[in-house]
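Biologist: I would like to learn how to read a fold from its strands, helices and core. Please take me through one case.

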Amino acid sequence: MTLILHSKDFETIVSHCKEEEPIEACGIIAGQIRNCDGKIVKEVHRIYRCKNKLHSPIEYKIGAEEQLRIFSEINDNCLDLLGFYHSHPNTSSNPSKIDEKRANYVGYSYLILSLHPIKISSWILEQQGFFTKEKLNII
Ligand SMILES: [Zn+2]
């Protein structure tokens, strides 16, 4: 699978994550899933900023009400839920132990932005506790 992220959306994620520093920023990504020559391509069309309910530099949580509201907005806009993003203010863009423990949307993308230096990686949650890296194209 490949995730396509437009550079303006990448910039939106970076500025959101910088604003929230030193705590982790988080949000939801939505767009369209296409089959392109037998390959699944997911293109991000909307970024939804969320509040980090934990207000922490090492973990995040999106509130249930906020998440539900955004999921229904995604439906109303005829988009597909693609996954989530969050920042790592102090560590790499690899999933942390906490991410492995908490993430529960199997098959969805988890974008992680490391802030020092700026680096973004996309991960697919293959099964609870296990991520694999996903190809990410910023266009
Ligand atoms: Zn994390």
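Biologist: Which residue is the bridge partner of L3 in β3?

Modeller: First, note that this is a predicted model. L3 has K42 as its bridge partner in β3. That pair belongs to a parallel pairing of β1 with β3, made over three bridges.

Biologist: How many bridges join β2 to β3, and do the two run parallel or antiparallel?

Modeller: They run antiparallel, joined by 11 bridges. One place to look is Q32, which stands opposite E43 in β3. The two strands form a hairpin with two residues between them. In the turn, D37 has a positive phi of about 50°.

Biologist: In what order do the elements of the protein run?

Modeller: From the N terminus, the order is β-α-β-β-α-β-α-β-β-β, which comes to three helices and seven strands.

Biologist: How do I read a helix such as α1? Which of its residues are buried?

Modeller: Look for the side that is covered. In α1 the buried residues are I13, C17 and E20. Seen down the helix axis, the buried residues of α1 fall within an arc of 65°, so they line one face. On the other side, S7, K8, E11, S15 and E19 are exposed.

Biologist: What covers the buried residues of α1?

Modeller: The cover includes β3 (39-50), β4 (80-88) and β5 (109-115). The length of the helix can be checked too: at 1.5 Å a residue, the 14 residues of α1 (residues 7-20) should span 20 Å, and the end C-alpha atoms are 20 Å apart, which agrees.

Biologist: And the core? Which residues have the most contacts inside the largest nonpolar core?

Modeller: The general idea is that nonpolar side chains tend to be buried together in soluble globular proteins. Here the largest nonpolar core has 28 residues, and those with the most contacts inside it are C26, I29, Y85, Y110 and L113. The elements that give two or more residues to this core are β1, α1, β2, β3, β4, β5 and β6. The largest share, five residues, comes from β5. Leaving aside neighbours within four places in sequence, C26 is in contact with residues including C50, Y60, I62, F84 and Y85.

Biologist: What radius of gyration does the protein have?

Modeller: The value is 14 Å; a compact globule of 139 residues would have one near 14 Å, so the two agree. Of the contacts with a separation of 6 or more, 61% are between residues 24 or more positions apart.

Conventions:
Residues are numbered from 1 along each chain as its sequence is written. This is a predicted model: local features need pLDDT of at least 70, side-chain atom pairs count only at pLDDT 80 or more; totals for chains, interfaces and linings use all residues. Helices (H or I, at least four residues) and strands (E, at least two) are DSSP runs, numbered from the N terminus. The expected span of a helix is 1.5 Å times one less than its number of residues. A residue is buried if 20 or more other C-beta atoms lie within 10 Å of its own, exposed if 12 or fewer, and partly exposed in between; C-beta atoms are placed from the backbone. The arc is that of the directions from the helix axis to the C-beta atoms. Two residues are in contact if their C-beta atoms, placed from the backbone, lie within 7 Å. The radius of gyration is taken over C-alpha atoms; the globule rule is 2.2 Å times the number of residues to the power 0.38. A nonpolar core is a set of buried Ala, Val, Leu, Ile, Met, Phe, Trp, Tyr and Cys residues joined through C-beta atoms within 7 Å. Two strands pair if DSSP finds at least two bridges between them.
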